[in-house]
Amino acid sequence: VEWMGSRGDRVTAFGATTSSRFQLEPRNQVLRYNCGSAGCDEFRSEVDGRERYEYGTRLLGLRWERPGEEKKRALFVHLLRQEEREDTDLAYEIEWKPLMGDAEEEEEEEEGELLFLAQRYHSRLELWRWEVGMEERRDLWEWGAGARLADLRGEVRGGEGLSVSGGLEGVEDVVEKVDRRDPDLYAYGQRTWKIEDGEVSGGVRLVRFGATEEILVLPRLSGKRRLGARWDLLLAGGLHAQPPLYREFLGAEGDLEAQKAAQVTAGVACRLQPTLRVRVELFYRRLTDLVSYQLDDMRLIYAGENDARGYAYGLNAHMRGELSRMVGIISYSYLVAREDLARDGLGYLPRPGDQRHTASVYLEDHMNLRPLSWLLDSTFHVRILYGSGFPHTPKLSGGEPLSVGKSLSEEPLSEEESDFEFPMLVDGERNSRRDRGYFRFDIGMAQKVGVWGWKV
């Protein structure tokens, strides 16, 4: 909602709400990765249960701007609420026929061991975040300052249990709680210098993160130089930091540090036609103090410590064109993201976000649907998106002594049983497999309405 005052004051209020629910009801599980070493062609199980995930976001904002002859000042207030729930109850019944001893004897044996697994997770995380600040812009200067307060509360309960040829026993409940209120302070300044064939902008951001009790100085520099009538050369570099805020605190035993990055970017921009522009950028990012994480279905599992370093590089290409009231945007991105976990000795491996290829097409059309004077603008849009598969860590078959299962019933082990191993699911090489690609098609509309000087 927007309101304009007689002195040029502009008051803008905005809000957004999203709610997503996902429910998975698996019936069976088949793993075909590296089972040959355990004497099997595949690892198969019957599954009973349900996984349910809910995500919600609420955002409110208020901004007041007052333009002057030489400057423009703005005050703003933001309120963000983010909520996440998970309810998982799964039971796996796995029939396994291990190859032991003489092959002919195993062919005669028809009955296999049954392995029962249980997974139970119930979690709820809730984050409130308030921010107040101000900005001021002059011809060549810009500065701002503000404060944020994050209130995070959450709890995760769950665990896994197992037994052999018996019921579901030994589910050990694990409880992780987080209850934090962390204030952040920041201030920044930036100046732009005009040069003969372009401009250079330099700035610095000073931040104090309450979650990590760090004070950081983050400089940035960017420049643009014209190459002829249509081409521009773009260069930029700077330091960036992101404090832990949400799930990173679950399972954290010590103090965390902000994740940091140093990035350089080089690109070109071209005006092919007055309404057709192309922009291509190459970037390299060096990452330190990373909090590594893994994906399990839709669950993000963080390490709870700054245990990794990494790097990322890639390309972003963007083309935008306008024809009358229509707008078309085509974009393509290529990304390589790798990380090196401390103490694992494996070197650099793909990060969970190492998606490689992403392409999208966006078409927007403004239509005159104004049977009434208060209908100001009607917009329809279509978006097509493709993304290549994300990497993930496969589950492999591994052996565990039978005593793990027998310990649940506390029965003594015979000599043969003490040597027997039944299969377990263990993590394979980190992020060594990729999922299938992702495709989606969206269509939507927006309507702007004007009533008594207000725009909605």
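Is aspartate 354 buried or exposed? Aspartate 354 is buried, with a relative accessible area of 0%. Buried means under 20% relative accessible area, exposed means over 50%, and partly exposed lies in between, with a 1.4 Å probe and protein chains only.

The views below show a predicted model, in which local features need pLDDT of at least 70 and side-chain atom pairs count only at pLDDT 80 or more, while totals for chains, interfaces and linings use all residues. Residues are numbered from 1 along each chain as its sequence is written, and side-chain values use heavy atoms, with hydrogens and water left out.

**View 1. A salt bridge between arginine 434 and aspartate 354.** The closest N and O atoms of arginine 434 and aspartate 354 are 2.7 Å apart. A salt bridge is a side-chain nitrogen of Lys or Arg within 4 Å of a carboxyl oxygen of Asp or Glu. The pair links distant parts of the chain, 80 residues apart: arginine 434 is in strand β24 (residues 433-434), and aspartate 354 is in the loop between β18 and β19. Helices (H or I, at least four residues) and strands (E, at least two) are DSSP runs, numbered from the N terminus. Arginine 434 counts as partly exposed because its relative accessibility is 38%, whereas aspartate 354 is buried at 0%.

**View 2. A network of salt bridges.** The structure holds 40 salt bridges.

**View 3. Arginine 343 and glutamate 305.** The side chains of these two residues meet in a salt bridge, with 3.5 Å from N to O. This pair also links distant parts of the chain: arginine 343 is in the loop between β17 (326-341) and β18 (348-350), and glutamate 305 is in the loop between β15 (299-302) and β16, 38 residues apart. Arginine 343 is exposed, because its relative accessible area is 70%. Glutamate 305 is partly exposed, with a value of 35%. The backbone of arginine 343 has a positive phi of about 75°, although arginine 343 is not a glycine. Most residues other than glycine have a negative phi.

**View 4. Aspartate 289, another residue with a positive phi.** The phi of aspartate 289 is about 55°, and this residue is not a glycine. Aspartate 289 is found in strand β13 (residues 276-290). Its relative accessibility is 24%, so aspartate 289 counts as partly exposed.

**View 5. Glutamate 25 and arginine 27.** These residues form a salt bridge, and their closest N and O atoms are 3.6 Å apart. Glutamate 25 is partly exposed at 43% relative accessibility. Arginine 27 is partly exposed too, with a relative accessible area of 47%.

**View 6. A nonpolar surface patch of about 850 Å².** The patch is made by Met319, Ile330, Val361, Leu363, Ile384, Tyr386, Phe439, Phe441 and Ile443. Two or more residues come from each of β19 (356-367), β20 (375-387) and β25 (438-451). Strand β25 gives the largest share, three residues. Patches are made of residues with over 30% relative accessible area and no salt bridge; like charges are joined within 9 Å, and nonpolar side chains (Val, Leu, Ile, Met, Phe, Trp, Tyr) within 5 Å. Accessible areas come from the Shrake-Rupley method with a 1.4 Å probe, and for residues only the protein chains shown count as cover. Methionine 319 is found in strand β16 (residues 308-323). Methionine 319 is partly exposed, with a relative accessible area of 31%.

**View 7. The largest cavity, with a volume of about 100 Å³.** Of the 15 residues that line this cavity, Ala150, Asp182, Ala211, Pro244 and Leu245 are the closest to its centre. The elements that give two or more residues to the lining are β6 (113-137), β7 (141-164) and β8 (174-195). On a 1 Å grid over the protein atoms alone, a cavity is a set of points where a 1.4 Å probe fits but cannot get out, and lining residues have an atom within 4 Å of a point. The volume is the space filled by probe spheres set on the points, which are joined across faces, edges and corners.

**View 8. Tyrosine 246 in a loop.** The loop lies between β11 (231-242) and β12 (259-273). Tyrosine 246 is buried, with a relative accessible area of 11%. Tyrosine 246 and glutamate 126 are 120 residues apart in sequence and 8.8 Å apart in space, C-alpha to C-alpha.

Conventions:
On a 1 Å grid over the protein atoms alone, a cavity is a set of points where a 1.4 Å probe fits but cannot get out, and a pocket is an open set with protein on both sides within 12 Å along at least five of seven lines; lining residues have an atom within 4 Å of a point.
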